[in-house]
Amino acid sequence: MFNISNLINDKPLFIAGYSKSMGKCNWRLNNFSAWQVSADGEIVTKTDNTGTAVASFNRAKSVEMSGESTFYNLDLLAAQNGTKKKVGSSDNKIIVPAYKVFDTTAEQTTVVLDYTPIGTSGAEIKYIYEYNLDNSPIKEFEIAATADATHFALDAETKTITLPTGLPVGTRIGLDYERESEDAIEVNVSAIEFPIPEKVIVAIKTQDTCGTKQSVLFYEFPNAQMTVSSSVSHGTEDTHPFSLTCAQDYCSLDKRLYRVVVPSEVPADFIVV
Amino acid sequence: MDALNHTCILCGTKYHACDGCEKMRNWKSIACSISHYQQYTILINLRNKIFSEETAYKELLGLGVDVDTINFEEYADTTHSLIKQIQNRPSKTFKNKPKYNKKGAE
């Protein structure tokens with residue numbers, strides 16, 4: 001019989017969210033830290049006519065969990081915003097920003113873009129700019145049917161820009177445009193989409209206090225919902241924080257908030273993860 | 001009054017178009033009317049050698065624009081070279097070939 005009470009935490013293995021209706025995995029983090037689960041509640045106290053407590057009752061139990069994905073995770077970002085990560089394909093291309101900066105050379109009149117620009121047909125790029133040497137724009141040129149001193153022309157099909165006339169050699173030109181790519185991914189964060197409750201499982205690698213047996217402690221939350229509020233920064237050492245509010249499984253008889261499961265055995269390769 | 005926040009790519013007239021609708025990528029972001037946008041696309045098809053001068057002339061005529069009697073003041077300077085290219089189309093040169101007298105003068 002396997003019956004232990006004390007466990008030593010080794011490291012978190014994974015946290016994953018599953019569709020409650022389909023059981024499909026929506027997101028999974030295999031590298032996260034600072035994970036914690038916290039419970040809260042209210043104590044309602046009955047006092048007598050002198051103000052002395054007679055009895056106290058616990059009410060309104062609630063559970064929240066939070067953690068930090070070690071890496072910026074697009075599936076997590078999608079889950080936090082109630083959407084899905086979109087993967088581009090040949091018939092489902094994704095619009096991608098593109099840019100180009102170059103210095104004009106002697107007698108240069110055209111430049112070929114790296115990608116085919118998209119936009120209003122005939123004016124896929126509306127402006128190009130003369131840049132300072134620090135790449136800040138100082139003068140704009142507008143698209144036109146033909147190039148002159150203040151206008152440029154664009155043939156999107158051949159990706160060719162005819163530069164404004166009279167540019168001194170070494171003029172730094174910069175331009176931004178949009179292109180389509182089938183090799184791109186996108187997470188579209190919408191103001192009208194929100195996370196829905198999921199079943200969430202957390203696995204923590206543990207060992208017993210004697211150090212003789214490794215196991216995995218599973219948390220299972222039947223009704224956890226991503227919190228929309230989050231703040232992400234993109235320093236190299238920064239992490240991707242997340243938090244979930246865990247409601248009771250209201251339609252179940254035991255009104256479960258979560259349960260903890262510790263099997264006596266798990267596959268060895270599972271622990272290595 | 002709405003701000004005149006755009007300049008027509010064909011005639012250079014200032015006009016208003018909703019900046020928020022630019023993502024729709026329709027003609028309003030670059031031309032003051034659908035006709036001017038159509039004329040512009042004909043001109044750049046000529047520039048990009050997709051249309052011949054003759055085809056461009058006929059396409060513009062189909063829009064009610066006779067390039068031979070066009071008022072250049074109504075078109076932006078950047079279109080003039082293309083319009084002149086249509087006016088000097090080979091077929092017109094052939095049909096209206098000047099007659100010379102023996103001295104070489106018309």
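Colleague: How far apart are the mean positions of the positive and negative charges of chain A?
Modeller: They are 11 Å apart, for 23 positive and 35 negative charges. Lys and Arg count as positive, Asp and Glu as negative, with His and the chain ends not counted. Each charge is placed at NZ of Lys, CZ of Arg, CG of Asp or CD of Glu.

Colleague: What are the ground rules here?
Modeller: This is a predicted model, in which local features need pLDDT of at least 70 and side-chain atom pairs count only at pLDDT 80 or more, while totals for chains, interfaces and linings use all residues. Residues are numbered from 1 along each chain as its sequence is written, chains are lettered from A and ligands numbered from 1 in the order in which they are written, and side-chain values use heavy atoms, leaving out hydrogens and water.

Colleague: What radius of gyration does chain A have, against that of a compact globule of 273 residues?
Modeller: Chain A has 29 Å, but such a globule would have a value near 19 Å. The radius is taken over C-alpha atoms, and the globule rule is 2.2 Å times the number of residues to the power 0.38. Along the principal axes, the C-alpha atoms of chain A fill a box of roughly 90 × 55 × 35 Å.

Colleague: What secondary structure does chain A have?
Modeller: Two helices and 17 strands. Both are DSSP runs numbered from the N terminus: helices are H or I, at least four residues, and strands are E, at least two. Chain B has four helices and two strands, in the order β-β-α-α-α-α from the N terminus on.

Colleague: How confident is the predictor in chain B?
Modeller: The average pLDDT, a per-residue confidence from 0 to 100, is 86 for chain B, and 83% of the residues score at least 70. The complex gets an ipTM of 0.80 and a pTM of 0.82.

Colleague: Why is B:Gln39 called buried?
Modeller: Its relative accessibility is 3%, so B:Gln39 counts as buried. Buried means under 20% relative accessible area, exposed over 50%, and partly exposed in between, with a 1.4 Å probe and protein chains only. In chain B, 35% of the 106 residues are buried.

Colleague: What is B:Gln39 in contact with, beyond its neighbours within four places in sequence?
Modeller: B:Leu10, B:Leu60, B:Leu63, B:Val65 and B:Tyr75. Contact means heavy atoms within 4.5 Å. B:Gln39 itself lies in helix 1, residues 34-47 of chain B. Its C-alpha atom is 25 Å from that of B:Ala3, 36 residues away along the chain.
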